[in-house]
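Dear colleague,

My notes on it follow directly after.

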Amino acid sequence: MMSALVSNAWIVVVGPILIALLGALVVRGQGLVAPALAATGPLATVAVALAALVSLPAGGHAEAGTRLAEGSVTWFATSTASLQLAWAVDALTGWMLLVVGVVATCVVVFSIGYLSGDSGWGRYFALISLFTGAMNLLVIADSFTALFVGWELVGACSYLLIGFWYQKPAAAAAATKAFLTTRVGDVGLLVAIAVLWVATGTDSYSGVMSQLGALPAATINLAAVGLAIGAMGKSAQFPLHAWLPDAMEGPTPISALIHAATMVAAGVFLVVRVWPLFEASAQATSLLLAVGLVSALGAALVATVQRDIKKVLAYSTVSQLGFMFAALGVGAPEAAFFHLMTHAAFKGLLFLVSGSVIHGAGTQDLHEMGGLRRAMPITFAAWSIGVLALAGVVPLSGFFSKDAILEAVWHASPLAGGVLFAASLLTAFYAARATRLAFFGSAVPGAHAHESPPIMLVPLVALVLPAAVAGSGMGIVSSSLGAQHAPLAIGVSAAALLLAAIGGIAGWMSSAGPARDGVTRARWGGAGDTIASAYYWDALVDRAIVRPTVGLSRGLWAWGDRLIADGWVEGLARAVTSISSGVRRLQSGDAQAYASVIAASVAIILAATIWLGR
């Protein structure tokens, strides 16, 4: 059964897309088929779980570089070239499918309870099924063409799901911002794919990698940097990071799936997938390291002052993805990918817990919470495991994956390692702060928090297990990806734990209730305002890019379009109309006038003929 699923791995793409199409049809006729509409949630659960089933025989069961299955479909062909929608299943694919399948299944089950009664129920599950199919295509892709199709589809689904509650202006604006920002990165990706295709004559991964030795250094660098820019956009890394915090306007389960565990990790996955290309480009890896360090430290600092529980987790996601990019920048793709896996578990868990908190407490403002551990004990227990894993506390999963990155970066560059150690301290700080504000202290007067229903608690319990123990699988993952696994250095781990303890204590002490948290924030003065505004980045982009672009567009419309293009066309139309009006007067209906015109015309023609004949 399992081997048959692997041999037909394309079903992880086709299955969810078919469910999405079915859901779309049901939504259009929901007034007549209410039972079918109610079934879209369970059907979506089955569809997204396919990825986890296909991943089971892969992952640790596949030797590094071994393909368990492959296939392709010609999408476009000419007499000299063709583009293939190629797919393959190997160890890397298997592990990533496991991440997508497990998290997506938990998210869909959670959503059945979270969106109960929402008018967009059917549309939601149709979109989440379509997203899962597109993400699976991105994962199993064995050609740049298939990758790009999946890449753009997940971007479109992200836009639609961020703006799911499109009646809210903030949600519509956030969706547009995410779509436009990630398109900037996608231009880099498309340019890189075009460069590689022109240089090698193929769009397959293996075909491109086999010809790297014959390519000029300039071509390799241009392609690798283009792919890096695409990865930065999709994984919300500086300077293309600002869309992710605003994406929290979408339903919280979507934040767990798309903006914590799967789509935002696609940039890291892409770099690992084509790692030989990045190994050959020092410029591209230096770029990855630089943006990773800035994102890791900068976003962690912003997370320390956020009041919205989802914004804390959003900036935390940007920061943790920065850790992964830094690892890629120093040549440790296995460490980056393993942190991708553990991060998907504990950050997906934390986002779902935040959804449970919002559902039970009726707010996502940390200053309007307090004492929730008594009203929501299961939610609190799940949060505790997730937040300790995020902070890198031994023996939870985050300890092993984050410390592997710290060790790799420290040995490559102590300065870069110091930046990540500082980001680790801040991670523990904002984790402890959010925990105390939400779950400890006194309940807000008038609040009536309650535990979430079982349909929402089961996914939390399911994600607690990998968040807690996935670190033990580091050796298996590394070996299956062709890397030798070595025990973590005691010195690096001890330093990381010490900094986590310091950061956690500082975060706890600074947030003994909303009033104390506000005092701590006020002590930072202008620096606090700058950090709380995310360094005024949105305002800078608005003034430096958005406003000039809008002004230029309006100018081109007024002068280029209306005055020149439309003016020429409309002027020609007016000229034709004027001439036509004059000619129309000749059609008077007077026979004598017609005879006179004919006679004059004949005379002119005869005169011209005689003159020309001379």
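A236 has a relative accessibility of 0% and therefore counts as buried, a term that stands for under 20% relative accessible area, with exposed meaning over 50% and partly exposed the range in between (1.4 Å probe, protein chains only). This residue is found in the loop between α10 (217–234) and α11 (243–246). Although A236 is not a glycine, its phi is positive, at about 55°. Helices (H or I, at least four residues) and strands (E, at least two) are DSSP runs, numbered from the N terminus.

Please note that this is a predicted model, in which local features need pLDDT of at least 70 and side-chain atom pairs count only at pLDDT 80 or more, while totals for chains, interfaces and linings use all residues. Residues are numbered from 1 along each chain as its sequence is written, and side-chain values use heavy atoms, with hydrogens and water left out.

Backbone features in loops

The loop between α10 and α11 also holds P239. The peptide bond from F238 to P239 is cis, with omega near 5°. Another cis peptide bond joins V394 to P395, with omega about 5°; P395 is placed in the loop between α19 and α20. A positive phi, near 65°, is found at Y535, a residue other than glycine. Y535 belongs to the loop between α26 (525–532) and α27 (537–584), and its relative accessibility of 37% makes Y535 count as partly exposed.

N221 is part of helix α10. Because its relative accessibility is 17%, N221 counts as buried. Leaving aside residues up to four places away in sequence, N221 touches A280, S281, A282 and Q283, where contact means heavy atoms within 4.5 Å.

How many of the residues of helix α12 are buried? In this helix (residues 252–261), 10 of the 10 residues are buried, so α12 is largely enclosed by the rest of the structure. Among them are P253, H259 and A261. The buried residues of α12 pack against α5 (91–114), α6 (121–140), α7 (144–162), α11, α16 (309–329) and α17 (333–361).

Helix α24

Helix α24 (residues 490–509) has 20 residues, which should span 28 Å at 1.5 Å a residue; the end C-alpha atoms are 28 Å apart, in agreement with that value. The expected span is 1.5 Å times one less than the number of residues in the helix. Buried in α24 are V492, S493, A496, A500, G503, G504 and G507. Viewed down the helix axis, these buried residues fall within an arc of 100°, so they line one face of α24; the arc is that of the directions from the helix axis to the C-beta atoms. As background, an α-helix has 3.6 residues a turn, so residues three or four places apart point the same way. The buried residues of α24 pack against α19 (377–391), α20 (397–412) and α21 (414–439). On the face turned away from the buried side, α24 carries the exposed residues I490, G491, L498 and I505.

Strands β1 and β2

Strand β1 (residues 69–77) pairs with β2 in the antiparallel sense over 8 bridges; two strands count as paired if DSSP finds at least two bridges between them. The bridge partner of S72 is A86, in β2. Strand β2 (residues 82–89) is mostly covered, with 6 of its 8 residues buried.

Aromatic rings

The structure holds 13 aromatic pairs. Rings of Phe, Tyr and Trp (its six-membered ring) pair if their centres lie within 6.5 Å; planes under 30 degrees apart count as stacked, over 60 as edge-to-face and the rest as tilted. The ring centres of Y124 and F125 are 5.1 Å apart and the planes stand at 90°, so this pair is edge-to-face. Both Y124 and F125 are buried. One aromatic cluster is formed by F380, W383, F439, F440 and W508.

R183 lies over the face of F179, at 4.4 Å from the ring centre. A charge sits over a ring if NZ of Lys or CZ of Arg is within 6 Å of the ring centre and within 35 degrees of the ring normal.

A residue in helix α27

A565 lies in helix α27 and is partly exposed, with a relative accessible area of 35%. From C-alpha to C-alpha, A565 and V108 are 51 Å apart in space, and they are 457 residues apart in sequence.

With kind regards
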